[in-house]
Amino acid sequence: MKQISSEDYFQIVSDKARGLRKPESVTFELTYGCNLRCVHCYNPTHRALPHELTKQEVFSILDQIADLGVLHLHFTGGEPLVRPDAIEIYTHAKRLGLVLHLITNATRVTPAVAEALQGLDFDDIAVSIYGASKIVYERVTGIPGSYEQFRRGLDCLAARKLPVIVRLPVMVENAHEVLEARALVEGMGIKFQYCLDIVAKNNGDPAPLAHRLDPAGKVRVDQVFLEASHRQAPEPVCAANGPFIDCSCGRNRFAVTPYGEMNLCVAFPTPRYNLRKGTVREGWEVLKQTVDHTTPNERYECPTCEVRPQCRQGRNDAWLQTGDASACLPHYKEWATLEMRTYARPQPGQAD
Ligand code: SF4
Ligand code: SF4
């Protein structure tokens with residue numbers, strides 16, 4: 001019998017779910033509470049307000065998610081480990097047969113928490129790093145002593161050989177430490193990634209964008225990594241003739257907020273379907289309609305845009321920043337144009 005890897009298996013399931021418009025993956029923001037105060041954070045409050053979901057409400061939503069046939073569950077926040085009942089919630093989800101993923105800043109990970117996470121067999125644990133040095137890390141997080149907490153937490157996860165990926169959101173404050181961060185993480189035998197996406201807060205407040213690298217800075221960071229990994233150019237990122245909302249939102253994935261709202265994605269917080277009044281199954285129908293009824297207007301230029309293959313702008317970026325999902329944001333156009341020039345991409349219709 002032909003063997004396939006779990007990664008390939010999950011990809012096949014995901015493709016099938018996308019075609020069938022069945023939810024296959026859910027991101028669950030367990031709380032907006034967080035012990036850090038990162039300058040670039042899209043979290044609107046950092047505090048766990050009284051109207052966040054109770055443990056019993058979370059259990060009920062998880063039961064419905066499992067009933068709907070969802071496979072992957074990504075727990076995030078805020079910082080999901082600030083909830084005192086976090087491990088009970090993960091245990092409930094595991095009993096339902098869901099494949100668990102965790103996004104954490106690791107500062108709340110103790111030896112006991114790492115042991116519990118190991119027992120729950122998380123598929124992966126994505127840990128954020130905000131700088132290689134204490135001074136830069138805490139310049140981003142705003143909390144004295146948080147760097148030591150992060151290092152202790154990461155040590156606990158590494159000691160148990162948990163499936164950790166450490167990700168650096170690259171921004172103005174830490175761009176000069178990208179290679180040092182990679183060396184630190186890889187020196188512990190842990191996989192390192194970086195991302196260049198800093199987005200507006202999920203209530204539309206653009207404050208985090210002040211910390212975003214400009215397009216030239218983003219291209220420079222990519223170049224440093226391409227050189228270090230002996231690669232020539234990043235892959236094209238956007239299909240030429242994709243649908244208007246061309247990601248997985250509302251096709252095979254959705255998100256749930258700490259207030260029980262069901263949305264397309266954590267970074268595309270609409271239609272805010274209220275799970276305290278309706279069911280996950282009903283909410284999924286509303287999400288599908290939201291995607292299908294969101295159509296482009298006369299400002300939509302993408303189909304004829306010559307830098308589209310390299311454009312990383314999501315419809316959510318335009319929607320969050322301008323209220324119009326059809327808008328083209330100058331930052332992304334400049335970034336894509338610079339990439340096309342830097343890597344000499346052939347223009348559409350141009351011979352290789
Ligand atoms: S750790 Fe995450 S949720 Fe907390 S402040 Fe930083 S970016 Fe926001
Ligand atoms: S640069 Fe603007 S017009 Fe071009 S593909 Fe990106 S969003 Fe669309």
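This is a predicted model: local features need pLDDT of at least 70, side-chain atom pairs count only at pLDDT 80 or more; totals for chains, interfaces and linings use all residues.
Good morning. I begin with a pair of helices: helix α7, residues 178-187, and helix α8, residues 215-228, pack with their axes 11 Å apart and at an angle of about 45°. The two helices, α7 and α8, are therefore oblique to each other. On the α7 side, the contact is made by Val 178, Leu 179 and Arg 182, and on the α8 side by Val 224, Phe 225 and Ala 228. By class, that contact has 5 nonpolar residues, no polar ones and 1 charged residue.

The axes of α5 and helix α6, the latter formed by residues 146-159, come within 8 Å and cross at roughly 105°. How are α5 and α6 oriented to each other? They count as roughly perpendicular, because angles from 65 to 115 degrees are placed in that class. Lys 134, Tyr 137, Glu 138 and Thr 141 of α5 meet Ser 146, Tyr 147, Glu 148 and Phe 150 of α6. By class, this contact has 3 nonpolar, 2 polar and 3 charged residues.

Let us stay with α5 for a moment. Helix α5 covers residues 134-141 and includes Val 136. Is Val 136 buried or exposed? Val 136 has a relative accessible area of 2% and is therefore buried, since the limit for that term is under 20%. Leaving aside neighbours within four places in sequence, Val 136 is in contact with Tyr 130, Gly 131, Glu 173, Asn 174, His 176 and Glu 177.

Next, the interior. In soluble globular proteins, nonpolar side chains tend to be buried together. Here the largest nonpolar core has 84 residues, and those touching the most other members are Phe 28, Ile 65, Phe 75, Tyr 90 and Leu 157. Tyr 90, not counting residues up to four places away in sequence, touches several residues, including Leu 30, Phe 75, Pro 80, Leu 100 and Phe 122.

I come now to the ligands. Which residues are around ligand 1? They are Cys 34, Leu 36, Arg 37, Cys 38, His 40, Cys 41, His 46, Gly 78, Asn 105 and Tyr 130. This shell has 5 nonpolar, 4 polar and 1 charged residues. Ligand 2 is surrounded by Glu 301, Cys 302, Cys 305, Val 307, Arg 308, Cys 311, Gln 313, Cys 328 and Lys 333. The shell of ligand 2 has 5 nonpolar, 1 polar and 3 charged residues.

Finally, the backbone. Most residues other than glycine have a negative phi, and most peptide bonds are trans. Gly 78 is in the loop between β2 and α3. The bond from Thr 270 to Pro 271 is also cis, with omega near 15°, and Pro 271 is in the loop between β8 and β9.

Asp 121 is not a glycine, yet has a positive phi of about 55°. Its place is the loop between α4 and β4, and at 53% relative accessibility Asp 121 counts as exposed. Lys 161, likewise not a glycine, has a positive phi of about 55°. Lys 161 lies in the loop between α6 and β5 and counts as exposed, at 74% relative accessibility. Thank you for your attention.

Terms used:
Residues are numbered from 1 along each chain as its sequence is written. Chains are lettered from A and ligands numbered from 1 in the order in which they are written. Side-chain values use heavy atoms; hydrogens and water are left out. A residue is near a molecule or strand if one of its heavy atoms lies within 4 Å of it. Ala, Val, Leu, Ile, Met, Phe, Trp, Tyr, Cys and Pro count as nonpolar, Asp, Glu, Lys and Arg as charged, and the others, Gly among them, as polar. Helices (H or I, at least four residues) and strands (E, at least two) are DSSP runs, numbered from the N terminus. Buried means under 20% relative accessible area, exposed over 50%, partly exposed in between (1.4 Å probe, protein chains only). Contact means heavy atoms within 4.5 Å. A nonpolar core is a set of buried Ala, Val, Leu, Ile, Met, Phe, Trp, Tyr and Cys residues joined through side-chain atoms within 4.5 Å. Axes are lines fitted to C-alpha atoms, for helices over the stretch in contact, and angles run from 0 to 180 degrees between N-to-C directions. Angles under 35 degrees count as roughly parallel, over 145 as roughly antiparallel, 65 to 115 as roughly perpendicular and the rest as oblique.
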